[in-house]
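Here is a walk through one protein model, going from its sheets to its cores and then to a helix and a single residue. Keep the viewer open as you read.

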Amino acid sequence: MDIKIIFPDKKELAVKPGITAGKAISLWYNKALDSAVAAKVNGKPADLTYTLNEDTALDIIEISSDEGLSILRHSISHVMAHAVQDVFAGAKVSIGPSIEDGFYYDFEYAEKFTNDDFPKIEKRMREIIAADYPFIREEMTRQKAVKLFAGRGEDYKVELINDLPTDVSTVSIYKDGDYIDLCRGPHIPSTGKIKAFKLLSVAGAYWRGDEKNKMLQRIYGTGFADEQALNDHLNLLEEAKKRDHRRLGKELDLFQINDEAGAGLVIFHPKGMLLRYIIEDWERKEHLKRGYDMVMGPQILKIDLWKKSGHFEHYRDNMYFTEIDEQVYGIKPMNCLAHMLIYKSKIRSYRDLPLRYFELGTVHRHEKTGVLHGLLRVRQFTQDDAHILCMPEQLNSEIRAIADFVNYAMGIFGFEYEVELSTRPQNSIGTDEDWALATKALENALKDNKINYKVNEGDGAFYGPKIDFKLKDALKRKWQCATIQCDFTLPERFDLNYIGVDGEKHRPVMLHRVILGAIERFIGVLIEHYAGAFPVWLSPTQCILLTVTDKHINYAETVYEKLIADGIRCEKFFDNEKLGYKIRQAQMQKIPYMLVIGDKEMEGQTVAPRTRDGQNLGAISVQKFIALINEMCEKKK
RNA sequence: GCCGAUGUAGCUCAGCCGGCAGAGCAACUGAUUCGUAAUCAGUAGGUCGCCAGUUCGAUUCUGGCCAUCGGCUCCA
């Protein structure tokens with residue numbers, strides 16, 4: 001009796017049972033396919049050697065697909081583990097998945113791996129690839145598998161098998177040559193299919209991601225279908241390095257982080273501060289347009305207030321404290337407390353709501369040393385923070401307005417972002433009912449506004465669930481910037497109320513929200529986003545005057561006076577150097593416009609702008625140039 | 001906080017087995033007065049991250065601390 005194989009193009013094939021998926025696929029294509037890495041059997045990924053014994057819906061997984069690449073990388077991680085065990089006898093394997101841009105494998109080994117070990121490992125990997133070992137799948141009972149791995153001294157594999165749910169009776173293993181790994185699969189047919197790979201770095205990683213567990217050694221690598229794709233990726237990594245905000249921050253003289261001042265504390269230089277001022281100035285105006293009130297709280301508040309809010313209990317480890325006249329003060333890690341006191345300063349009516357308190361609030365958080373990272377993770381930062389106090393029925397429209405604000409702001413900077421809803425964490429305050437209510441409110445607002453989102457279980461703030469907006473930087477890292485948090489607890493703890501239509505007291509709801517998040521982090525992400533070449537409206541220096549020779553300095557000075565009088569951010573570069581040198585310097589500073597001033601310009605009372613992408617705009621009047629800059633600022637270009 | 005690597009001039013980096021500290025760029029001085037990505041010559045510049053120890057002698061070896069980088073964990 002033949003079985004029926006159905007392909008995605010609806011083509012059907014009648015074949016003898018026992019045919020492999022790979023053979024069936026080659027019949028479908030009428031040829032052996034080199035691009036096939038695995039098959040999809042009834043929608044599930046499987047090896048090409050998988051045998052088909054009944055009617056099946058079959059599809060091909062090609063190396064060009066994300067799924068195919070991920071299978072290839074997973075197979076490379078096996079080859080790497082194989083090589084590591086050959087080179088370093090006694091290394092124990094744990095897990096080795098494929099990840100976004102490559103793969104890793106975690107090992108336990110007495111000696112420390114370093115980058116210098118990579119050539120040895122890669123050499124052995126190439127030998128394993130040249131041997132073209134087939135990946136052979138075998139299924140066995142979990143008892144047998146435990147015995148197998150225990151016999152090989154693979155404690156981590158034994159632990160993995162023992163921790164499987166009780167209803168799992170068999171597991172699968174994969175062999176290539178004399179290497180055996182516990183693995184769900186699928187894998188590429190044989191090691192010889194691997195054409196391009198590279199080991200990248202070694203790092204510590206806790207077993208099963210838990211800091212209470214032993215630290216293993218993780219080797220990261222990447223792999224691609226061919227050398228070309230691998231090289232493209234490596235070049236991309238190089239490019240990403242060039243736009244690292246820490247490097248550009250130094251090169252463009254924007255900021256420093258200095259040991260002598262302290263780790264995680266940013267010192268803004270004139271140009272960095274100007275950039276920051278421009279962003280903050282823009283933001284203040286945008287908030288006023290949207291009905292926010294500007295407020296400002298103190299940097300330190302008495303400890304009792306932090307106890308009342310729950311911060312002392314739940315956030316103490318991240319807070320700094322100071323003592324004055326035998327009074328203990330907490331240095332604020334969040335801005336909400338003062339805003340609560342502003343609300344409480346008088347009796348509120350339902351007619352007053354919503355109240356939107358906005359503060360560019362500077363906070364301090366004691367972050368662990370190992371997590372500090374340029375501007376992206378610091379210990380003192382300024383949030384564009386607001387607390388909205390409203391009636392429960394106003395929640396939906398307020399959340400919507402914030403989401404619109406975020407969308408508008410991200411559009412100005414040209415950022416893509418993803419939305420996540422984070423629910424109640426372990427360490428939290430408030431009742432189950434309030435959490436359910438708050439979570440529902442956020443969820444409904446997202447649904448009503450047709451915003452796509454992902455749920456992040458247990459990732460909320462200690463006082464409420466939140467909607468996070470994550471934007472992507474040049475290194476494809478996601479950064480949380482905007483966030484909306486719904487809070488029933490603080491209004492309760494501070495006994496906030498308003499007089500309703502019925503003349504009775506009611507409890508308002510509070511939304512915590514930021515749009516850019518931390519200004520420092522946002523600037524870091526911006527630097528990488530623009531690779532330091534800021535648009536004209538943001539650029540700390542919008543243009544630079546370049547004289548051809550000394551005799552043009554006097555005229556150039558008059559141009560400079562006109563430009564700065566009109567608020568144009570302009571620099572002078574009148575050094576005794578050739579024009580080519582000055583252009584190169586201005587180019588490396590990524591200044592949007594270079595204004596060349598020579599005989600022609602002096603005679604015609606003009607300037608000759610050259611853009612940083614090498615375009616010459618010809619001689620134009622100073623007034624015309626000012627109008628051009630102003631127009632770009634107006635349009636946020 | 002944990003694992004590993006690193007810390008030398010303003011910046012980027014050399015410096016072997018312990019014996020007076022090196023380059024390029026930047027800075028400064030002079031010459032040159034030049035039209036769209038580097039003009040030439042000269043001068044100056046250092047607590048070799050910090051603190052101990054070993055040694056006749058430590059940038060080099062050992063220990064502790066601080067910081068940075070790559071990750072893990074945690075987060076705006």
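E29 (residues 498-499) pairs with E30 in the antiparallel sense over two bridges, and Ile499 stands opposite Lys505 in E30. Two strands count as paired if DSSP finds at least two bridges between them. Helices (H or I, at least four residues) and strands (E, at least two) are DSSP runs, numbered from the N terminus.

A word on the ground rules: this is a predicted model, where local features need pLDDT of at least 70 and side-chain atom pairs count only at pLDDT 80 or more, while totals for chains, interfaces and linings use all residues. Residues are numbered from 1 along each chain as its sequence is written, chains are lettered from A and ligands numbered from 1 in the order in which they are written, and side-chain values use heavy atoms, with hydrogens and water left out.

There is also an open sheet of eight strands, again with mixed pairing, in the order E18-E23-E24-E31-E28-E27-E25-E26. Its edges are strand E18 (293-294) and strand E26 (454-456), each with a single partner strand, so one side of each is left without a neighbour in the sheet. E25 (residues 417-422) and E26 run parallel, pairing over three bridges, and Ser422 has Asn456 in E26 as its bridge partner.

| Domain of chain A | Residues |
|---|---|
| Domain 1 | 3-62 |
| Domain 2 | 67-240 |
| Domain 3 | 263-298 + 334-530 |
| Domain 4 | 543-634 |

The C-alpha centres of domain 3 and domain 4 are 42 Å apart. The largest nonpolar core has 84 residues, and those with the most contacts inside it include Phe413, Leu538 and Phe625. Helix H12 (residues 395-413) gives the most to this core, with ten residues. Domain 3 and domain 4 both give residues to this core, so it lies between them. A second, separate core of 39 residues includes Ile128, Tyr174, Ile194 and Ile219. Here a nonpolar core is a set of buried Ala, Val, Leu, Ile, Met, Phe, Trp, Tyr and Cys residues joined through side-chain atoms within 4.5 Å. Buried means under 20% relative accessible area, exposed over 50%, and partly exposed in between (1.4 Å probe, protein chains only).

Next up is helix H16 (residues 553-565), where Tyr555, Ala556, Val559, Tyr560 and Leu563 are buried. They cover an arc of only 145° around the axis (taken from the directions from the helix axis to the C-beta atoms), which puts them on the same side of H16. The face turned away from that buried side carries the exposed residues Asn554 and Ala565. Among the elements covering the buried residues are strand E32 (543-547) and helix H19 (622-634). After H16 comes Gly567, with a positive phi near 80°.

Finally, look at Leu72 in helix H2 (residues 66-87). Is Leu72 buried or exposed? Leu72 is buried, with a relative accessible area of 1%. Not counting residues up to four places away in sequence, Leu72 touches Ile63, Ile188, Lys193, Ile194, Phe224 and Ala225, where contact means heavy atoms within 4.5 Å.

Key
Domain bounds come from an automatic or database domain assignment.
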